[in-house]
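Dear colleague,

I am handing over the structure we spoke of, with the sequence alongside. Please have it open while you read, as the notes below go through it part by part.

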Amino acid sequence: MGSPDLKFSALCALLFPDSRVRGLRSTISSIYSERMKSDWNRLEVSIRLCAILHAGLFVVSSFGAGAQDTVRKSAESSGPDELWWSLRPLSHTEPPSPEGIPEDWTHHQIDRFVFEKLALQGLRPNPPAERRALIRRVSYDLTGLPPTPEAVAAFVRDPEPRTYERLVERLLASPHYGERWGRHWLDVVRFGESRGFERNEIIPNAWPFRDYVIRSFNEDKPFNEFIVEHLAGDVIGKGKPDVEVGSAFLTIGPYDDVGNQDAVAALNIRAATVDDMVTATSAAFLGLTVNCARCHDHKFDPIPTEDYYRLKSAFDGVSHGPRVIGSVHEREAFELAMNPLKERKSELVEAKKNLEKGIIDRASAAAPAPESMRAPPSAQFTEERFRPVQAGLVRFTVRAHSGNPSSGVGARLDEFEVWTGDPVPRNVALASAGATVVGAAGNVAKDFEGAYSVDLVNDGKYGARWFVGNPPVLTVSLARAESIARVAFSFDRATKSDAPIEGLGPMVAEYEIDVSIDGEHWSRVADSYDRKPISKALERERYLRAASEEERAKLNDVDSRMAAVDREIRAVPSLATVWAGQFTQPKEPTKVFRGGDPMKAESVVKPASLDVLGKTMPSYQLAADASESERRLALAKWIASDENPLTARVAVNRVWQHHFGTGIVETPSDFGSLGGRPSHPELLDWLARRLQSLGWSLKALHREILLSQTYRQSSHYRREAADMDSDARLLWRFPPRRMSAEEVRDTILFVAGKLDRGEGGPGFKLYEYKQDNVATYVPLDRPGPETYRRSVYHQNARASVVDILSDFDLPDNAFAAPKRAATTTPLQTLTMLNHRFVLDMARALSDRISFDQAGDLDEQVRRAYRLAFQRDPDEMETAASAALIRSHGSAAFCRALLNANELIYLE
């Protein structure tokens, strides 16, 4: 293979072939040679050179047009055989000859590919795994749950080969299979149940997409059909809710809903929103980083920036939001029930409108002239003066606000003042003067106590506002009876405008002020009825108050009948509304944004396939004004085509990854030049073609993998093999693994006998949700039985921390997580030892074993081991466990079992 110096020089030549960077290449090569001769250890050299090489790659990219020209020429001139490996057509490589391969490794094509690779490196595979390890392995891989002790005992007793095949079939048929593999897919498509960004509010109707994914895996829906439903489910499945909901994939990612009044900022937010769809689609299905071509040609893959915008054009008509999804029958039944009710209500609305017109016409004719009325209330400062009067209490009743002419609920008030008639007036309403205030709050911020409290109106500070609740009444109790002559209040004292500031809520528009000495007898000192109304709506409401008793009776009768109709309308079962996006025809053709800047729109691009695969498979191109649905459907069919070499490769690699811990390509969503190279390229292509020949059935693909000797071999560690292949990428052994976050939590519930196996529906929360202008997620200290469901049904909010799940590397779904981290941290130990959930489950396991009842303690210990580890303890373990129970109690023993590595590691 050559010396390290020669190998490194060759690597530099490959990375930096351009003459303009030969100096950089020489510099790096010399650094390598000198440092390797010095006393630096090889690890330090490797780390430093990785950093240098990374910087060097960006030096290459910084040559801008030159590098981009190279990318563009590569895309345009390369033939299929000259393309990057993942962009070439699937090969037709047959499995190696069985000659020279052990008999039990010749029956399955996968094993022949793997064995050949091992033999080339002078390696041999491990013998088969012992049967307890195998049933635990395959049970967790397919369902995410442990086998029962009874199932393990039966499997161990029956070594007949068909027993394992029947086990695989039983697990594939389990509804828990979809829960396990659906969770894998939800990671890939960045599924989350909150909006993300600053406000991060919960999306209460996102869960149907999660159930759709689980259901699709359980039904073994062909994966190419699954892809089409993700991109165009509403197009091909109109009137079929189980299909239509698939297109929620497009809008199930994070969504910036804050809004921005600045046109440039709004355009950039929209561009980022569509970019999320482009990124998710290209990474999940094609394993390409097409999003890297948003601002310029891709620096490392032959993807021109036009390809990005061709893909973007498919999503330009997609926006976030809820959509009614119902079958044809459901929609017809809904309309049949609603139409007569709507007609009756329309008639009543018309009758009320005619009644009100008569009242308004009469009242307006008798109304005072506008010039005779006082100025309307002001947002900045409104004052009422009156003859001095003795008062111990002042009552302020809000009758209307700027957003509602008929109710004061929801108005905002930042300060309310009551002034004496003294030569030097005093504000006796201040809390500092001993006054107290009472009033309902229209909003409560759980994460900020007192944020909208009535106490804000007499603290002597401006800005923070009381949100007026129901009833819309403020009562001020003075420290003692005073002679008062003036009342003043404001919406925002600091503003220079009489109108309320947009975004800060409504101001008081109509009010009454009463005073009392004893709280029993009240007298009016001021109101707003002689002020000009702030709006036509308020003027109309005033006229309606002038209705006669007969007119009022007629209005009340109409209102009563309308309320009855409204009750009937509410009783009609509503159609399901799902956060599945909304689709409209784009107003203009898609254009390339120079530098990714939507303010620099240049040439028009047509909806089309990626040019990078034009040499490999048939292309498509639509008209620039093609319908929104046609764009998405054409893209979906192109991606899901058997002729697309990427789609099947990426799909089978994801399945392989979740069985062996690492995919044949170790970067599951990046098959480009910065991603990993396949460890078994011929096997990858064989599996891809096999998936297609099996009708894109993932369950059939599972069988192919799970029945192989490669999967069934032992995880036993061999030093001589590890020296050559430390990560077991060549699969000389089955790679052991720690369970995922969901598996850890679900296993604890399962072992304790508390797992609720209910399927589907709205999720549970392991946090307290506090929502005001923004959302806050506070982890629960004591999760109750309502949370004892499988973890896949947890309502995972973005940027939230969930005890146990987050500790064991549950990814933040603000981004796709095609490959999870597997860390080992002190926090994991502390959580497993001390979290209330684990302590509760330890007690539940103790109760399940019935330790507190008379019985054979050794047998109780054995039952606990069978439940936790699916095996019997040896004599030493039995004796030590019994001694622990006698000294510290059964709950302590069960707590120790739940903290054992054996519980959460698979061999």
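A residue is called buried here when its relative accessible area is under 20%, and by that cut-off Thr163, Tyr164, Leu167, Val168, Leu171 and Leu172 of helix α8 are buried. Please keep in mind throughout that this is a predicted model.

Confidence and overall dimensions

The protein chain has an average pLDDT of 90, and 91% of the residues score at least 70. Over residues 1-71, however, the pLDDT is below 50, although this stretch has 61 contacts in the model beyond near neighbours in sequence. The chain holds 30 helices and 18 strands, and its C-alpha trace spans about 110 × 80 × 70 Å along the principal axes.

Helix α8 covers residues 161-173, and the distance from its first C-alpha to its last is 19 Å, close to the 18 Å expected for its 13 residues. What do the buried residues of α8 pack against? Their partners are α6 (131-143), α7 (149-157), α9 (175-188), α21 (698-706) and α22 (709-712). At the start of α8, a side-chain oxygen of Glu160 comes to within 3.0 Å of the backbone nitrogen of Arg162.

Helix α27, residues 857-869, also has 13 residues and reaches 18 Å between its end C-alpha atoms, close to the 18 Å expected. Leu857, Gln860, Val861, Ala864, Tyr865, Leu867, Ala868 and Phe869 are its buried residues. These cover an arc of only 165° around the axis, and therefore lie on the same side of α27. The N-terminal end of α27 is capped by Asp856, which has a side-chain oxygen 3.0 Å from the backbone nitrogen of Asp858, while just after the helix Gln870 takes a positive phi of about 60°.

In soluble globular proteins, nonpolar side chains tend to be buried together. The largest nonpolar core in this model has 167 residues, of which Trp185, Phe209 and Phe315 touch the most other members, and helix α19 (residues 645-660) gives the most to this core, with eight residues. Leaving aside neighbours within four places in sequence, the contacts of Phe209 include Leu186, Val189, Phe191, His230, Val245 and Phe249. Another core, of 28 residues, lies apart from the largest one, and Ala411, Ala435, Val476 and Ile484 are among its members.

Two loop residues

Gly421, in the loop between β5 (415-420) and β6 (436-438), is partly exposed, with a relative accessible area of 43%. Not counting residues up to four places away in sequence, Gly421 touches Ser483, Ile484 and Ala485, and its C-alpha atom is separated by 9.0 Å from that of Glu482, a residue 61 places apart from it along the chain.

With kind regards

Key. Residues are numbered from 1 along each chain as its sequence is written. Side-chain values use heavy atoms; hydrogens and water are left out. Helices (H or I, at least four residues) and strands (E, at least two) are DSSP runs, numbered from the N terminus. The expected span of a helix is 1.5 Å times one less than its number of residues. Buried means under 20% relative accessible area, exposed over 50%, partly exposed in between (1.4 Å probe, protein chains only). Contact means heavy atoms within 4.5 Å. A polar contact is a pair of N or O atoms within 3.5 Å; within protein, one must be able to donate a hydrogen and the other to accept it, and residues adjacent in sequence count only if both atoms are side-chain atoms. pLDDT is the predictor's confidence in each residue, from 0 to 100. The arc is that of the directions from the helix axis to the C-beta atoms. A nonpolar core is a set of buried Ala, Val, Leu, Ile, Met, Phe, Trp, Tyr and Cys residues joined through side-chain atoms within 4.5 Å.
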